[in-house]
Amino acid sequence: MATSPSDRDARRADTGPDSGPGTGTAPAGADGGPCDLAVVGAGPAGLAAAVTAAGLGLRVTLLDAGERPGGQYYRHPAPALGAARPEALHHGWSAFAPREAALRAHEAAGRITHLPFHHVWTVVPDGAAAPGWILHAVAGPEEGPARVRARAVLLATGAYERQLPFPGWTLPGVVGAGGAQAMLKSGLVLPGKRVVVAGSGPLLLAVAGSLGAAGARVPAVVEAAAYTGYAAHTPVLLRNPAKLAEAATYGSALLRHGIRFLTRHAVTEAHGTGRVEAVTVARLDRDWRPVPGTGRRIPCDALAVGHGLVPQLELATGLGCATATGPDGAVALELDPDGRTSVPGIWSAGETGGVGGAQLALAEGEIAAHALAGRPVPARLARTRTRLRAFAAAMAAAHRPGPGWTGWLREDTDVCRCEEVPAGRIREAVRDLGARDARTVKLLTRAGMGWCQGRMCGPAVAALAGHDPAPDRRPLSCPVPLGHLAELPPADH
Amino acid sequence: MSEATRGRRRSPRDLVGGTPTATWSLRFDGRELSAQAGQSIAAVLWSAGILAWRTTRETGAPRGAFCGIGSCYDCLVTVNGRPNQRACLVPARPGDRVTTQEGTGHGDLAV
């Protein structure tokens, strides 16, 4: 693929169908008027929204940080890897393939401008065409500037993995569970031959199944929650037979690959020098506190770990969209049933409204597209959304981290991976210096001040400060060359 | 499981029936690694069993890919002399020179 896609797409952003002829550096939509809808993110929610909206007559620009549509859920190998059966790594590929085909058809017809490799770093009101918005993006590996003007924006930015630190979690070979899945789906690679999967949430089952199918040995899946947490929501489960069938599929995959499934257990330490060589697995009490004396060692050469997902909200919070803490303790957007945020003209769908999975994201993307196009939302979609949102809430409550997990931290355990801030320094800031929230801890210790801007340590720092995480406060959603910042019109803020 | 049985275990490529359109090589710290067209730099390194390709600024600890989706910045690497590239996002290209990155990757600057 060499350099061409990013170069080509950067040029397309500048001379796309919305911009005037021969403008060279003019942004898409700058001269020929804004597009009707800019969709940020081409995962299940964004892709479904874009193709549905285009089918209903809207002119859509779809921006995505990734190279191929599908987001993290439908991440798949680059065409050059020649995968004859990409669906072998996926559940629900049949929901993706027709939507991707629709995207290509709308693109060919000029109804959708698809801009892959475009990382939107801020959205600002369009002073020249209110109500309207200008989206600023960093395009391609060369990090060129790109701008898109739109009358409405749908943020389908998805989620990233929630991580809870433990001694040894910075060792090479300790990788995110979603990270292992992402590397497998896109690059057809494994982090090791013998991979323990640990953390919390149904994603672990999917990851273990994929790793096993791809040839890794998985000695155990270690789940911190008790699945009996779902029992309190039996009516919700019964209304979601597809979810039960999915769970059965995962269960049989574990059996097929000889994988042990331990619930109410956690990896409390990773061992090794230079790379992980073994993990300690301990039993947890109902508050996720490790039970003394229950630790046992499992040899492995990799650990895939994650404690569910957290919505990725920086663009939305930067615009002032209202948020609320969900049943999983994570911050999510407050949305109306059609996907409207509290800011007129800004919409959202999928995991940003609370983590709920790909089927829900597809439904919400289509619902928002109908509402944006001024069409009635089909009753079938509305029912699907209600049913799956109820399931998402039950799932979130069942896997919400218990307060006792901090019991497996040692004083010298790095909590912030970027700035290498140990738990002891954070506790000191809370105990001795009066820090009451993650922001104050950051100012006192630098935890959350590094490259990832607290994405990895945010939930852990908040827990150590004694609070639920606060909404994202990141003015930029990714590193931006200074020259691009200088192009922001000062009057817009 | 015996060595012979392990040798027959399937690979990710077997699972999806992958036949890459091209293979080439890149250099990592002077070592020649085989790359398949379409893989990221991190995927090429993992394929070669390499899990760490940078050291941290404070303690010099080894790090490699963690989140796999461009969020954590643990996989920063120097590619063709350009430091701080996210290996999990940057596609590998024929003849790339990838080098272990120490600290900020700007050790040449007197700051």
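How many residues of chain A are in contact with chain B? The count is 60 residues of chain A against 49 residues of chain B, contact being heavy atoms within 4.5 Å. Keep in mind that this is a predicted model, where local features need pLDDT of at least 70 and side-chain atom pairs count only at pLDDT 80 or more, while totals for chains, interfaces and linings use all residues. Residues are numbered from 1 along each chain as its sequence is written, and side-chain values use heavy atoms, with hydrogens and water left out.

**The interface**

- About 4,400 Å² is buried between chain A and chain B, with carbon and sulfur atoms giving 60%; buried area is the accessible area (1.4 Å probe) that two parts lose on being put together, summed over both.
- On the chain A side, M183(A), E420(A) and W451(A) lose the most area to chain B, together 15% of what that side buries.
- You'll find 3 salt bridges between the two chains, a salt bridge being a side-chain nitrogen of Lys or Arg within 4 Å of a carboxyl oxygen of Asp or Glu.
- One salt bridge joins R82(B) to E143(A), with the closest N and O atoms 3.6 Å apart.

**Aromatic pairs**

- Over all chains there are 10 aromatic pairs, meaning rings of Phe, Tyr and Trp (its six-membered ring) with centres within 6.5 Å; planes under 30 degrees apart are stacked, over 60 edge-to-face and the rest tilted.
- Y227(A) and F261(A) sit edge-to-face, 5.7 Å centre to centre with 65 degrees between the planes.
- W451(A) and Y73(B) are stacked, at 5.2 Å and 25 degrees, and this pair crosses between chains.
- Ring pairs also link Y73(A), Y74(A), W93(A) and F96(A) into a cluster.

Note on methods:
Chains are lettered from A and ligands numbered from 1 in the order in which they are written. Helices (H or I, at least four residues) and strands (E, at least two) are DSSP runs, numbered from the N terminus.
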